[in-house]
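Good morning, colleagues. Please bring up the sequence and the structure on your screens, and I shall then take you through several features in turn.

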Amino acid sequence: MTKWLKSTAFAALLILSSCETDLDKINENPNDQASVDPKVLLTYVSKDAFQINGDNMYASRMMIGTDGENTYQYMKWNDASFDVYTKGLLNTVKMMQEAEKVNNKNYTAIGKFYRAYYFFNLSLKFGSIPYTEAAKGESGITQPKYDSQETVMAGILSELKEANDLINTNDKIEGDIIYNGDASKWKKLINAFRLKILITMSKKATLGSYNIATEFASIAGSQSLMTSISDNGELKFADVADSRYTMFNSSGYGSSLYMADYFINLFKARQDPRLFTFAAQTTGAKEAGKPLTDFTGYNGGNPTSSYSDNAALITAKNISKVNDRFYKDPTNEPSSILSYSELEFILAEAAARGWISGSAKAHYDNAIKASFSFYQTYVKNPGQYFSGFDVNQYLATPLVLYNDADPLQTRLEKIMTQKYMTMFHQSQWTSYYDYLRTGYPNYPLQTGVSAPFRFRYPQAEYNYNSTNLKAALTAQYGGNDNINSKPWWLQ
């Protein structure tokens with residue numbers, strides 16, 4: 001981290017100079033802490049933050065590989081990177097600095113949101129991380145201390161509260177590729193993300209000075225929140241250079257990536273037509289001329305089987321590829337980091353747990369309806385998949401119907417299973433973290449293999465910030481940096 005944090009502004013400008021041709025002039029003098037319009041930085045940070053992470057699709061038992069052993073599919077990952085410090089966070093800090101120069105509180109508020117977003121995901125990935133001293137290279141802090149996971153989560157919750165208080169309708173938000181300058185929608189996303197952090201900490205009663213259930217109820221009862229899919233925190237893609245769908249033209253998606261049977265079977269059992277938007281028919285079904293909406297024409301591979309066994313299903317023409325829209329359509333569907341559907345599932349879970357009053361079933365039903373609305377809105381030619389479908393009939397089927405009289409664990413399983421079914425290439429690692437904290441849905445695992453709780457710290461930290469890293473490891477995991485060490489939020 002020493003090398004990475006020497007100059008916040010210089011690093012930010014270097015990164016941007018490779019992506020924004022109109023910034024060439026700021027690199028004329030590398031020692032000049034030149035100003036950059038915060039709108040340019042906002043565009044860059046948003047584009048970076050909202051990209052799709054395909055690795056989660058394997059870990060969450062949605063996809064499998066057939067050309068070799070995928071470390072995420074077989075739960076064998078190791079270390080991960082801190083590169084978000086040099087990209088998203090440094091540029092976010094720079095945007096906030098530039099916002100102060102022009103006295104625009106909205107860029108500061110959105111900056112606080114992105115700080116919370118990046119630190120939240122980093123901490124879930126590793127545990128303790130540099131937070132209070134992070135991205136302060138300009139202040140001479142080149143070897144930042146690690147803060148406990150509780151400190152990080154409580155801190156970003158406070159930052160989001162500050163962001164909610166700062167966001168306003170007076171200061172313009174230019175360069176906004178998420179909400180096109182609509183401050184009211186940013187406010188809804190900020191508050192929804194506060195609830196996401198709190199529900200993720202469901203194993204804990206308190207978070208710093210916050211009582212988790214009380215704070216959740218306060219936000220849910222008094223703050224502006226999303227009310228439809230038009231409020232989704234999502235990035236819409238465009239068919240122009242550097243703005244196309246993340247997986248567009250991916251060779252792997254076109255050749256060796258297939259659907260996992262665990263994921264597919266949830267949809268087949270419920271006769272859920274969203275399946276047709278995710279998966280392609282098996283080759284055998286196509287050759288037999290089966291209708292696109294025939295559920296028997298879809299099959300997945302076992303994520304716990306060897307990749308050679310799953311490759312044999314290709315030869316047998318009995319395995320579904322990922323729907324080709326994910327790699328052939330340059331715009332495809334938007335990429336969401338927090339949608340209205342996810343928010344409604346969060347509220348449903350909170351109601352089921354007794355954190356808030358109101359109907360858990362109503363929130364659960366709204367969440368499912370919002371998911372169908374999303375696909376019917378954004379998938380090309382939706383009629384071929386959803387013709388004749390009635391979402392209210394779907395909600396009444398036994399495997400879907402939510403019953404307030406059921407035991408809590410039964411209700412939580414219903415909520416988490418349906419939430420999981422909305423997250424194919426959406427919301428990044430959320431489905432996996434939900435599984436770690438709730439156990440739902442019940443992922444299939446190889447005998448003797450457990451689902452990792454975290455990633456190992458990057459080698460660069462051992463090289464350049466080893467004293468602080470080792471202190472954090474001792475405090476958290478007794479000095480053991482391995483993927484099965486359980487972080488604070490899961491204890």
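The largest nonpolar core in this predicted model has 145 residues. Within this core, the residues with the most contacts are Tyr114, Trp186, Phe216, Phe424 and Tyr432. Helix H5 supplies the largest share of the core, namely 13 residues.

Let me stay with H5. Helix H5 covers residues 105-126, and its axis comes within 11 Å of the axis of helix H2, residues 38-49. The two axes cross at roughly 25°. An angle under 35 degrees counts as roughly parallel, and H2 and H5 are therefore roughly parallel to each other. Their crossing is left-handed. Which residues make the contact? From H2 they are Pro38, Lys39, Leu42, Val45, Ser46, Asp48 and Ala49, and from H5 they are Tyr107, Ile110, Tyr114, Tyr117 and Tyr118.

I turn next to Phe424. Leaving aside neighbours within four places in sequence, Phe424 is in contact with Met57, Met62, Met63 and Met259, with Phe263, Phe278 and Phe326, and also with Val322, Glu333 and Tyr375.

Phe278 leads me to Asp324. In sequence, Asp324 and Phe278 are 46 residues apart, while in space their C-alpha atoms are 8.7 Å apart. Asp324 lies in the loop between helix H13, residues 307-315, and helix H14, residues 325-328. Is Asp324 buried, partly exposed or exposed? Its relative accessibility is 33%, so Asp324 counts as partly exposed.

Key: Residues are numbered from 1 along each chain as its sequence is written. This is a predicted model: local features need pLDDT of at least 70, side-chain atom pairs count only at pLDDT 80 or more; totals for chains, interfaces and linings use all residues. Side-chain values use heavy atoms; hydrogens and water are left out. Axes are lines fitted to C-alpha atoms, for helices over the stretch in contact, and angles run from 0 to 180 degrees between N-to-C directions. Helices (H or I, at least four residues) and strands (E, at least two) are DSSP runs, numbered from the N terminus. Angles under 35 degrees count as roughly parallel, over 145 as roughly antiparallel, 65 to 115 as roughly perpendicular and the rest as oblique. A crossing is left-handed if the near helix is turned anticlockwise from the far one by less than a right angle, and right-handed if clockwise. Contact means heavy atoms within 4.5 Å. A nonpolar core is a set of buried Ala, Val, Leu, Ile, Met, Phe, Trp, Tyr and Cys residues joined through side-chain atoms within 4.5 Å. Buried means under 20% relative accessible area, exposed over 50%, partly exposed in between (1.4 Å probe, protein chains only).
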